[in-house]
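Subject: Structure handover

Hello,

Here is the structure I said I would pass on. My notes on it follow below.

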Amino acid sequence: MFEQLKARRRQGMRTMSYPDGPPPSLPERFAGLPVVSPASPEAAAAAAGACPFGALGLGPSGGLRLDLGHCLFCRACREALPASPVRFGGGHQLAARNREDLVRVPGRDAAPAAFRGALAARFGRSFKLRQVSAGGCNACEADANVLTTLAWDLGRFGIDFTASPRHADGLLVTGPVTLNMREALLRTYDAVPDPKAVIAVGACAIGGGPYRGCPEVCGGVGELLPVDLYVPGCPPHPLTLFDGLLRLLGRLPDPL
């Protein structure tokens, strides 16, 4: 026991200083917040046609439109053209309060905002979540669990996961909501006492992901429940989810 205590003292503080200090560095392969530039009709059509998941499309005026809720960040649009109108800027602030704020168009370079501590008055000091895996691959769940480790220590902000929905303030849902999980999700939501929140994590939970349009899935959480926070990605980086949760509770300001 004494050897363990001495080793722990040598190791020092392992929990990151963020958000009081700088955010942790991200790997080079992290894509981050996409930026859509104006493009010719031919370039826009080529980029949209390269997207295998229908995240890119053409708006009413013919400009390119990228929906982060459907994007898997595969970079096929970036690699389709020598000078693609889509680039990935590396920013981790991707979460949005409103579904429409996940749509990227030319001129919209800033990260989604308009949080203003939306749930701070209700859950600012204690926010317990019941995680529901509604047919996902477990990648989003794994990265969400990272936040409970010593390095991130989500619990220092009063945010934690609970085993029972009756002890929860809301649901953190992953997966496209398969038909077999539809009833389980709805019953879990009903078991959470009011007031309650719903957080959709990952492209599957937001819009069905690569399974969008399949008859075996419901097409995302928003088809069934009111969603308070959308966290895009496949899977979202822990820092993206961390940032979204803290901004939702008023612990971080909106990005400029």
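Leu64 has contacts (heavy atoms within 4.5 Å) beyond its neighbours within four places in sequence: Val36, Ala44, Ala47, Ala48, Leu56, Gly57, Leu58, Pro85, Val86, Arg104, Val105 and Pro106. This is a predicted model, in which local features need pLDDT of at least 70 and side-chain atom pairs count only at pLDDT 80 or more, while totals for chains, interfaces and linings use all residues. Residues are numbered from 1 along each chain as its sequence is written, and side-chain values use heavy atoms, with hydrogens and water left out.

Leu64 also belongs to the largest nonpolar core, which has 39 residues; Leu56, Leu64 and Val221 have the most contacts inside it. A nonpolar core here is a set of buried Ala, Val, Leu, Ile, Met, Phe, Trp, Tyr and Cys residues joined through side-chain atoms within 4.5 Å. Buried means under 20% relative accessible area, exposed over 50%, and partly exposed in between (1.4 Å probe, protein chains only). Among the elements that give two or more residues to this core are helix H2 (41-50), strand E4 (86-88) and helix H6 (179-191). Helices (H or I, at least four residues) and strands (E, at least two) are DSSP runs numbered from the N terminus. Another core, of 29 residues, lies apart from it and includes Ala95, Phe127, Ile159 and Leu229.

Strand E3 (residues 64-67) also holds Asp67. Asp67 counts as buried because its relative accessibility is 8%. Its side chain makes a polar contact with the side chain of Arg99 at 2.8 Å; such a contact is a pair of N or O atoms within 3.5 Å, where within protein one must be able to donate a hydrogen and the other to accept it, and residues adjacent in sequence count only if both atoms are side-chain atoms. Leaving aside neighbours within four places in sequence, Asp67 is in contact with Ala55, Arg99, Leu102 and Val103.

Some backbone details are also worth a look. Phe73, in the loop between E3 and helix H3 (76-80), has a positive phi of about 55° although it is not a glycine. Phe73 counts as buried because its relative accessibility is 11%. Asp153 has a positive phi too, near 50°, and is partly exposed at 29%.

Two cis peptide bonds remain. One runs from Asp194 to Pro195, with omega near -10°, and Pro195 is in the loop between H6 and E9. The other runs from Cys234 to Pro235, with omega near -10°.

Regards
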